[in-house]
Amino acid sequence: MRLIKTMSKEDLILSSVDLLSKTYIEIGQNNIEEETIEQMSKSLASDLFRMYKNFYFEDAENAFNLGVRSPIKSDFIHLTVPVYMKWLRKHQEIIWEARSRVDKGENPKQVPNYRPEPKLLNN
């Protein structure tokens, strides 16, 4: 698992390209220009590093996966920054709720979406 704050800028952008490309395909937006994916990837990488640096990149992938599969509240879904930010915030709430349940004494192995806090590296 890759903690976002430990990823290089280039690796984070490349991983974001892969995630966004997959997401565009999953929501049926197959005619997206390369320049759009490039700009959205830079934006996503920046947002992840600024606001979700303690996420694992796999958490972001899970957020997008759940977001694409969530009930659509309108006739059309279009991938935009506000849409992916909503997905990331929702997933963060899921992780925090799971951690809260474990902190209150529930068995970590029986709490869906629980993962321990990342360990700090000692230098």
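Me: I'm new to this predicted model. Which residues have the most contacts inside the largest nonpolar core?

Reply: Good place to begin! In soluble globular proteins, nonpolar side chains tend to be buried together. Here the largest nonpolar core has 25 residues, and Leu44, Leu48, Phe64, Leu79, Tyr84 and Leu88 have the most contacts inside it.

Me: Which helices supply residues of this core?

Reply: At least two residues come from each of α1, α2 (34–51), α3 and α4 (81–103).

Me: Let me pick Phe64. What is Phe64 in contact with, leaving aside its neighbours within four places in sequence?

Reply: With that set aside, Phe64 is in contact with Leu19, Leu20, Thr23, Leu44, Tyr84, Trp87 and Leu88.

Me: How do I read the way α1 and α3 cross, and at what angle do they do so?

Reply: Look at the angle between the axes: under 35 degrees counts as roughly parallel. The axes of α1 (residues 9–26) and α3 (residues 57–69) cross at roughly 15° and come within 11 Å, so these two helices are roughly parallel to each other. Their crossing is right-handed.

Me: Which residues make that contact?

Reply: From α1 they are Leu12, Ser15, Ser16, Leu19, Leu20, Thr23 and Glu26, while α3 brings Phe57, Ala60, Glu61, Phe64, Val68 and Arg69. Sorted by class, the contact has 7 nonpolar, 3 polar and 3 charged residues.

Me: Is Ser15 buried or exposed?

Reply: Buried means under 20% relative accessible area. Ser15, in helix α1, has 9% relative accessibility and therefore counts as buried. Leaving aside neighbours within four places in sequence, Ser15 is in contact with Arg2, Met7 and Phe57.

Methods. Residues numbered from 1 in each chain as written. Predicted model: local features only at pLDDT ≥ 70, side-chain atom pairs only at ≥ 80, totals over all residues. Heavy atoms only, no water. Axes fitted to C-alpha atoms, helices over the stretch in contact; angles between N-to-C directions. Helix = DSSP H or I, 4+ residues; strand = E, 2+ residues; numbered from the N terminus. Parallel < 35°, antiparallel > 145°, perpendicular 65-115°, else oblique. Left-handed = near helix turned anticlockwise from the far one by under 90°. Contact = heavy atoms within 4.5 Å. Nonpolar A, V, L, I, M, F, W, Y, C, P; charged D, E, K, R; others polar. Core = buried A, V, L, I, M, F, W, Y, C linked by side-chain atoms within 4.5 Å. Buried < 20%, exposed > 50% of the residue type's maximum accessible area, 1.4 Å probe, protein only.
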